Amino acid sequence: MTTRFDVGQPDASLLPNALVANSMQRVATNVLMKNPLAIQYGEAAGPICFLDELCGFLKRQNGVVYNREEICLSSGNSAALHIIASRLVSNSKSKDILCVVPTYFLACPIFKDVGATVVQIPRDGYLDYIRKELECQIDPPAFIYVIPTCNNPCGDNMENLQELISLAETFNTKIIADEPYNMLGYGHIQPPLYELSGRSPHVISLGSFSKIMAPGLRLGWVQGCAETLECVYLQSGSIVSGGGSNPISGMIAAELMQSRGMDFHLCHVRSQLKTRMELLERKLNEEHFEFKYKVTGGYFAWVDFKVDTSTDEFIASCRDHNIAVTAGRRFWPNLPVCTFGRVSISNTPVDQVNTGAKALVRILKKYYVIYK
Ligand SMILES: Cc1ncc(COP(=O)(O)O)c(C=O)c1O
């Protein structure tokens, strides 16, 4: 069986089928059978019960109180990113999106779909690169895209976020913070960038239930100032035409939050991920392979494999040893040689982390000797 260190999806032990099934039943009995309009088009911002329960959930998790007007339901971060990118790019003179790399590789196709040009900003020293970029352009970029917490693929919380926010405000651009992992902090849970910014109109945070609950619900939320949300999200053609994107999933999630099933499950996911990640780090460190950044939570670690991870030989060797990892260049397309790779522990229960790490080290050592 292949150890799937490449997949950024929860494995079966992290998917709460029974919990979700119970909530669906309660929604069917208590809402659909009682309210004749329950399956009508939904409110643009999402069902009130969802927004209120989400405010309560975020308060319990982050200790922060939000108003209902600062949150909209979405069909997950990919869909929200598409809507927001298309609004911002079409309303901006510049079609550039500044994207801190390495980054979530599937964000770039979304940006290309909306006609944007992705400008890659190297992660180390990113603030200086962004400042230079902003200073030398006549028009500000459509927006800056970051994954500030429990980053994909690096696993860490980005540094210098306050300075980044100040730059966005000074140069009158927006930051889209893609934050599906921030509630998966192994210790401290950093609030979303919108909160860190003092609720700036220049910052929009995207949260998702995909990584903490169930990707198949296709459910998330957009957080920002009421005026910003109105302009970049609620006024989009698809929301105006179709109403709130996923009201029934929103009702199921509202039930899960009200019953605290969501909180309970989130604790389980966090502790599983922490155990797996600590084991992976220990096993790799014993053999002198390091995480480049300190993993604060979530699914991923960015590991220096000390060999070019994009070569056919390396990929074939992983395949022969039943290991799958993702080569670093996928997250940083312009880099000519990349010795890094992303290792995900979301799809590998503890026993698989253990055997998978050993097999991975065997492959790396073989290549390390060749490349030394
Ligand atoms: C940074 C990032 N953004 C967005 C997504 C997709 O999120 P969703 O399932 O909410 O569309 C992922 C999933 O891997 C991700 O890692």
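Q: Before we start, when do two strands pair?
A: Two strands pair if DSSP finds at least two bridges between them. Keep in mind that this is a predicted model.

Q: Ok. How many bridges join β2 to β8, and do they run parallel or antiparallel?
A: Four bridges join β2 to β8, which covers residues 220-223, and the two strands run antiparallel. As an example, I71 has Q223 in β8 as its bridge partner.

Q: What sheet are they part of, and in what order do the strands come?
A: An open sheet of seven strands, ordered β2-β8-β7-β6-β5-β3-β4, with mixed pairing.

Q: Which strands stand at the edges?
A: β2 (71-74) and β4 (117-122). Each has a single partner strand, so one side of each has no neighbour in the sheet.

Q: And by how much are neighbouring strands turned against each other?
A: By 25° on average, ignoring direction.

Q: What lies across β2?
A: Helix α8, residues 226-234. The helix also lies across β7 (203-208) and β8, and runs at about 20° to β2.

Q: Let's move to β5. Are F143, I144, Y145 and V146 buried or exposed?
A: They are all buried. F143 and Y145 are on one side of β5 (residues 143-146), I144 and V146 on the other, and both faces of the strand are covered.

Q: How does β5 pair with β3?
A: β3 (residues 96-101) and β5 pair in the parallel sense, over three bridges. There, L98 stands opposite I144.

Q: And with β6?
A: β5 and β6 (residues 175-178) also pair in the parallel sense, over three bridges. V146 has A177 in β6 as its bridge partner.

Q: Which helix makes a β-α-β unit with those two?
A: Helix α6, residues 161-170. The unit of β5, α6 and β6 is right-handed.

Q: New topic: how many residues surround the ligand?
A: 13, and the closest are G76, N77, S78, S208 and S210. By class, the shell has four nonpolar, eight polar and one charged residues.

Q: Where is G220?
A: In strand β8.

Q: Why does G220 count as buried?
A: Because G220 has 27 C-beta neighbours inside 10 Å, and a residue is buried with 20 or more.

Q: What is G220 in contact with, leaving aside neighbours within four places in sequence?
A: S74, G76, N77, A80, L206, G207, S208 and F209.

Q: How many residues apart are G220 and N77 in sequence?
A: 143, though in space they are 6.3 Å apart, C-alpha to C-alpha.

Key:
Residues are numbered from 1 along each chain as its sequence is written. This is a predicted model: local features need pLDDT of at least 70, side-chain atom pairs count only at pLDDT 80 or more; totals for chains, interfaces and linings use all residues. Axes are lines fitted to C-alpha atoms, for helices over the stretch in contact, and angles run from 0 to 180 degrees between N-to-C directions. Two residues are in contact if their C-beta atoms, placed from the backbone, lie within 7 Å. A residue is buried if 20 or more other C-beta atoms lie within 10 Å of its own, exposed if 12 or fewer, and partly exposed in between; C-beta atoms are placed from the backbone. A crossover is right-handed if, with the strands pointing away from the viewer, the path from the first strand over the helix to the second runs clockwise. A residue is near a molecule or strand if its C-beta atom, placed from the backbone, lies within 6 Å of it. Ala, Val, Leu, Ile, Met, Phe, Trp, Tyr, Cys and Pro count as nonpolar, Asp, Glu, Lys and Arg as charged, and the others, Gly among them, as polar.
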